[in-house]
Amino acid sequence: MEGLARDATMAASIVQLAASGDTVAFARIVAAYHADMIRVAYVVSGGDQDIADDAVQAAWSIAWQKLDSLRDPDRLKPWLVSVAANEARQLCRRERSRSLVHLDVGLANLGFEDPAEPDPAGRADVLDLDDALQHLAPQERALLALRYEAGLDSSEIGNLMGRPSATVRWRLARLVTKLRKELSDA
């Protein structure tokens, strides 16, 4: 648990204290892993910060209630980011069923120059990647987020998803190839 302590015994005791209701210990866990959970939920949600924030908030509530079910304190980070990813996927499903069209009406769209807006040509690569990620299913974005945002390896992701690590590696390779192809076509 690199986010809490280098000493496994100390980290396990923090998890045990939090599981027994110690709010200070839980606050230390939140401080250590909140940013990782936000990044994963953000990618899973397709870049929707509101959904990411809501998903992580719900994930913390679940973690508070179910922390005592965690058998291995060394698995805390993978467990937390997995809960956040699952919550983000569920919120995306709900949002998709009641989706609204968002129109960005900035000054440039009204015929005026907005000096505060950066030149979009400088962000073309980022916009292309965002667009390519939007074409992926939330489950695919979750897989990429767990690997590249949370830094989990294929065996950790496999444990979380109930799949062999070889399957996870194959799916990741397939997704990266798909993204590269889409980005080269853009």
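Let's start with Val40 and what it touches: leaving aside residues up to four places away in sequence, its contacts are Val81, Ala85, Ala145, Leu146, Glu149 and Ala150. Keep in mind that this is a predicted model. Val40 sits in helix H2, and its relative accessible area is 0%, so we call it buried.

Staying with H2, let's look at how it packs on H3. The two axes come within 10 Å and cross at roughly 145°, and the crossing is right-handed. On the H2 side, the residues in contact include Phe26, Ile29, Tyr33 and Met37; on the H3 side, Ala52, Val56, Trp60 and Trp64 are among them.

The largest nonpolar core has 48 residues, and Ile29, Met37, Trp60, Leu67, Leu76 and Leu80 have the most contacts inside it. Helices H1, H2, H3, H4, H5, H6 and H8 each give two or more residues to this core. As general background, nonpolar side chains in soluble globular proteins tend to be buried together.

Last stop, H8. This helix has 21 residues and reaches 30 Å between its first and last C-alpha, close to the 30 Å expected. Which residues of H8 are buried? They are Val168, Arg171, Leu172, Leu175, Val176 and Leu179. Looking down the axis of H8, they fall within an arc of 135°, so they line one face of the helix. Turned away from that buried side are the exposed residues Trp170, Thr177, Arg180, Lys181, Ser184 and Asp185. Thanks, everyone!

Methods:
Residues are numbered from 1 along each chain as its sequence is written. This is a predicted model: local features need pLDDT of at least 70, side-chain atom pairs count only at pLDDT 80 or more; totals for chains, interfaces and linings use all residues. Side-chain values use heavy atoms; hydrogens and water are left out. A nonpolar core is a set of buried Ala, Val, Leu, Ile, Met, Phe, Trp, Tyr and Cys residues joined through side-chain atoms within 4.5 Å. Buried means under 20% relative accessible area, exposed over 50%, partly exposed in between (1.4 Å probe, protein chains only). Helices (H or I, at least four residues) and strands (E, at least two) are DSSP runs, numbered from the N terminus. The expected span of a helix is 1.5 Å times one less than its number of residues. The arc is that of the directions from the helix axis to the C-beta atoms. Axes are lines fitted to C-alpha atoms, for helices over the stretch in contact, and angles run from 0 to 180 degrees between N-to-C directions. A crossing is left-handed if the near helix is turned anticlockwise from the far one by less than a right angle, and right-handed if clockwise. Contact means heavy atoms within 4.5 Å.
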